[in-house]
Amino acid sequence: MSEEIEHVKCLIIGSGPAGYTAAIYASRADLKPVLYTGMLAGGQLTQTTEVENYPGYPEGILGPEMMQNFEKQAARLGTDIRFGYVSSVDFSSLPHKVVVDESKTILADTVIISTGASAKWLGLESEQKYNGFGVSACAVCDGFFFRGQDVAIVGAGDTAAEEATYLAKLCRKVYMLVRRDEFRASKAMVHRVLNTPNIEVIYNTETKEILGDGKTVNGVLVINNETNQETKLDVTGFFVAIGHHPNTEIFRGQINMDETGYIITKPDSSETNIEGVFACGDAQDHIYRQAITAAGTGCMAAIDAERYLAAKEHVVTA
Ligand code: NDP
């Protein structure tokens with residue numbers, strides 16, 4: 001049951017690059033933002049190792065360290081950062097009602113949703129053991145570390161096809177593990193995969209175990225699901241590309257989203273179909289999913305929130 005009620009101008013839900021960038025801009029616009037971090041404070045980047053493609057870090061930076069920097073910058077500029085999990089929302093009237101940890105109610109004039117997305121994993125113990133040490137769910141983020149090496153990628157959708165061709169440019173050989181006898185990806189993407197000489201597609205194949213020396217990956221054991229024949233592939237990298245799910249479950253029924261749960265924003269804007277509610281980062285982006293694009297849309301959301309509040313104030317005082 002809700003016990004405490006607090007009224008804020010700007011509530012930011014989520015603490016990845018989108019949320020913290022929104023917080024930095026909202027703080028500087030004097031919106032006095034309150035940011036709830038969610039359970040995984042810092043978001044997906046806290047689960048990666050080195051980040052080499054975020055501009056401004058010429059030597060690269062560790063994902064967790066980068067997120068600490070985001071947090072420090074938002075805090076220095078005045079964001080009220082709180083550890084807590086939004087358990088439900090009610091966007092049916094203004095101000096919007098958001099319940100945190102099932103106990104505290106926040107009334108918010110604007111809400112910025114930056115809850116991100118989570119990669120889907122196969123669910124193998126060895127996959128988690130070597131996550132960040134040869135196992136990755138983002139070829140664009142981590143492919144560079146495997147240049148000149150042999151890698152495997154699992155998945156047969158557009159993401160897997162796109163990431164396999166990306167990896168093929170860097171790596172010596174890419175094994176693409178497809179669990180059925182056909183792709184799910186679009187014809188154009190499949191065509192590209194099949195015409196890349198150093199990609200070997202292995203159909204009807206599932207991953208049994210990711211092998212390693214205790215520190216890093218040195219192979220993958222796969223099984224043909226028709227013949228039950230097991231094969232060991234000598235790879236140093238294992239990429240999982242079986243989809244992502246946006247962390248938007250708590251908003252279902254409250255806001256427009258596509259059939260997979262990505263929040264729909266208006267073109268060239270972070271506005272949603274709900275007045276005063278803005279969305280940014282991976283919660284609304286299934287295409288780019290990069291820290292830099294998330295940060296960019298976080299900036300957009302804060303500016304949109306600021307302009308929305310300014311326009312309302314203007315109407316009230318006019
Ligand atoms: P999808 O859900 O489209 O595909 C997931 C793939 O992973 C499927 O081939 C599925 O196999 C496979 N898979 C799922 N679970 C397992 C498992 N346990 N073991 C092995 N394989 C598994 O996800 P995507 O991320 O590829 O795409 C999401 C959406 O984004 C799609 O609509 C896609 O079109 C879009 N997209 C568009 C792009 C573009 O236009 N450039 C780029 C990337 C994505 P199966 O087929 O057997 O179910």
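Helices (H or I, at least four residues) and strands (E, at least two) are DSSP runs, numbered from the N terminus. This is a predicted model, in which local features need pLDDT of at least 70, side-chain atom pairs count only at pLDDT 80 or more, and totals for chains, interfaces and linings use all residues. Residues are numbered from 1 along each chain as its sequence is written, and side-chain values use heavy atoms, with hydrogens and water left out.

**View A. The cis peptide bond between Leu94 and Pro95.** Omega of this bond is about -10 degrees. Pro95 belongs to the loop between β6 (86-90) and β7 (96-100). Most peptide bonds are trans.

**View B. Asp30 in the loop between α1 and β2 (34-36).** The phi angle of Asp30 is near 65 degrees, a positive value in a residue other than glycine. Most residues other than glycine have a negative phi.

**View C. Packing of helix α1 (residues 17-28) with helix α2 (residues 63-76).** The axes (lines fitted to C-alpha atoms, for helices over the stretch in contact) have angles that run from 0 to 180 degrees between N-to-C directions. For α1 and α2 the angle is about 20 degrees and the axes are 9 Å apart. The two helices, α1 and α2, are therefore roughly parallel to each other (angles under 35 degrees). The contact (heavy atoms within 4.5 Å) involves Pro17, Tyr20, Thr21, Ala23, Ile24 and Ser27 of α1, together with Met67, Phe70, Glu71, Gln73 and Ala74 of α2. Seven of the residues in this contact of α1 with α2 are nonpolar, three are polar and one is charged; Ala, Val, Leu, Ile, Met, Phe, Trp, Tyr, Cys and Pro count as nonpolar, Asp, Glu, Lys and Arg as charged, and the others, Gly among them, as polar.

**View D. Packing of helix α5 (residues 158-170) with helix α6 (residues 187-194).** Here the angle is about 30 degrees, and the axes are 9 Å apart. α5 is therefore roughly parallel to α6. From α5, the contact uses Asp158, Ala161, Glu162 and Thr165; from α6, Met189, Arg192 and Val193. By class, the contact of α5 with α6 comprises three nonpolar, one polar and three charged residues.

**View E. Surroundings of the ligand.** The ligand is surrounded by 14 residues (each with a heavy atom within 4 Å of it). The closest are Asp158, Thr159, Arg179, Arg180 and Arg184. An N or O atom in the side chain of Asp158 is 2.6 Å from an oxygen atom of the ligand. For the side chain of Arg179, the corresponding distance from an N or O atom to a ligand oxygen atom is 2.9 Å. Arg184 places a polar side-chain atom 2.6 Å from an oxygen atom of the ligand.

Technical notes:
Parallel < 35°, antiparallel > 145°, perpendicular 65-115°, else oblique. Polar contact = N/O pair within 3.5 Å; in protein donor to acceptor, adjacent residues only side chain to side chain.
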